[in-house]
Amino acid sequence: MEKIALVVGATGITGSNLAEELITQGWTTYGLSRNPNTGIPGLRPIKADLTNEQNLAEALEGISPTHIYFTTWMRNDTEEENIRVNSLLVRNLLNVLSPKKSVQHVALVTGLKHYLGPFEAYAKEGILPETPVREEHPRLPLPNFYYAQEDEVYKASEREGFTWSIHRPHTVVGYAVGNLMNIGATLAVYASICKETGRKFIWPGSEAQWNGVSDVTDARILAQQLVWASTTESAKNQAFNITNGDVFRWKWLWKRLADWFGIEAVGFEGTIKPLEKELENDHQIWTAIADKYNLKEKDLHRLSSAWHTDLDLGRPLEVMCDMSKSRKLGFTAYVSTEDSFIHVFERLRAENMIP
C-alpha cells in the first residue's frame, strides 16, 4: 500500500527536515502550513489554517494521508491559552481526517518541556526532574500544552484505531529560516555579528549549563526516528526521547563553534548574560551586514530566536536524555553534535543567509 505522509508544520526545522527524509525514502509527502514550504523538491504544499476546521476540510479535500506527522505549535501569552489553542490544532486536524478512514499512524513531536514544565515555570528550582530524563517519568503537576496535545492523539486513536508515537527531542539543531525556535541560526547570527564588529563571542547562559553535561537533537536524527517509529511495529503506541547519541559540555563546544567563525570565545564569568539583550540593538548592524554581503535575509528576527536560546542555555541544571528505550528497539542512528552545528552553519552560508 502506498505511504502518504502529511507533515504538519512543514516550514519549521523539524517539519522541513522530516519532509526531506520522507521524500528521500520515496513517500508521497504533503506539507501543511499557513505559509506553504515551496523550497523542497518533491514536497506537495498545502496552505491551511489549523484553527479553522472548515478551511482545513477544504484544503485537505481529495487528500487521504496514511501517516500524520504533527510538528508544529502556536505560542501564546499563557500556558492555559497554549493548552486551549494547541490542543485545538491537533483536534481539528484529526476531526477533519476522521471520515476518510485513511490514517494508520499519528506521530506527535513535543519536547523536554514534558519533563521541565512550561516556559513560565521552565526548569525552576523545586520542580527539577531527575536527569537523565526517561520516558517513564510521570507528568508534572503543572498545566502543560504538551500533555493536552498528547491527550488529543490518545482519544482519537481509541476512537479511530490508528497507532501513535510521541517524540521528545532536546534542543533541535537544524536548518530552517523564519521559525520560532532555532538555536543553530541564532548562534550563527550572533557569531557573524561578533566577527563583523570585533566583539567577543560571550557565553549567555548559566554556570550549570556551561559546566554540566548536555545533549541536543539534530533535526535529521529526529526525522529518522519519526519515520522509524511510524513504520516499526514494536515502536508503535509509545513515547521516545530523541537526541544525537553523544553528550558534551558547552564549555568545550562553545570554543569549537567560535573557532569555526574565527572569533574569540568567552566563557561563564559569574553571571548570566542573556543573548536577547546582547542582540536587542543589533537590527541595524545586521541590516548593514546583509547589505554588505548581499545576504538573502535582512530581518534579524527571521533568523534569530534569542529568547528561546536563552531559555535553553540559562537552565539551572544540566539536562540530558536517556536514549535506551529506542536503542533497545533497534533505532541506532547517531550524529556528532559538533557536526550538527557545523552542518547548519555551512548550509546557512551556502544558502547566503550568513556571510
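Student: Which residues of α6 meet which residues of α13?

Tutor: Contact means heavy atoms within 4.5 Å. In this predicted model, I183, T186 and L187 of α6 meet A306, T309 and L313 of α13. The residues of this contact divide into four nonpolar, two polar and no charged (Ala, Val, Leu, Ile, Met, Phe, Trp, Tyr, Cys and Pro are nonpolar; Asp, Glu, Lys and Arg are charged; the others, Gly among them, are polar). Residues are numbered from 1 along each chain as its sequence is written. Local features need pLDDT of at least 70 and side-chain atom pairs pLDDT 80 or more, while totals for chains, interfaces and linings use all residues, and side-chain values use heavy atoms, without hydrogens and water.

Student: At what angle do the axes of α6 and α13 cross?

Tutor: Two packed helices are described by the angle between their axes and the distance between the axes. Here α6 (residues 183-197) and α13 (residues 306-313) have axes that come within 9 Å and cross at roughly 105°. Therefore α6 is roughly perpendicular to α13 (65 to 115 degrees; under 35 is roughly parallel, over 145 roughly antiparallel, the rest oblique). Axes are fitted to C-alpha atoms, for helices over the stretch in contact, with angles from 0 to 180 degrees between N-to-C directions. The helices are DSSP runs of H or I, at least four residues, numbered from the N terminus.

Student: How do the axes of α3 and α5 cross?

Tutor: The axes of α3 (residues 79-97) and α5 (residues 145-160) come within 8 Å and cross at roughly 25°. So α3 is roughly parallel to α5. Their crossing is right-handed, with the near helix turned clockwise from the far one by less than a right angle. On the α3 side, E79, N82, I83, N86, S87, V90, R91, L94 and N95 meet F145, A148, Q149, E152, V153, A156 and R159 of α5. This contact has seven nonpolar, five polar and four charged residues.

Student: How many disulfides does the count come to?

Tutor: A disulfide is a pair of cysteine sulfur atoms within 2.5 Å. By this rule the count is zero. C194 is buried, at a relative accessible area of 1% (buried is under 20%, exposed over 50%, partly exposed in between, with a 1.4 Å probe and protein chains only). C321 is also buried, at 9%.

Student: Where is L329 found?

Tutor: L329 is in the loop between α14 (324-328) and α15 (337-350). At 29% relative accessible area, L329 is partly exposed. Leaving aside residues up to four places away in sequence, L329 touches W228, S234, A235, Q238 and F240. L295 is 34 residues from L329 in sequence and 44 Å from it in space, C-alpha to C-alpha.

Notes:
Helix = DSSP H or I, 4+ residues; strand = E, 2+ residues; numbered from the N terminus.
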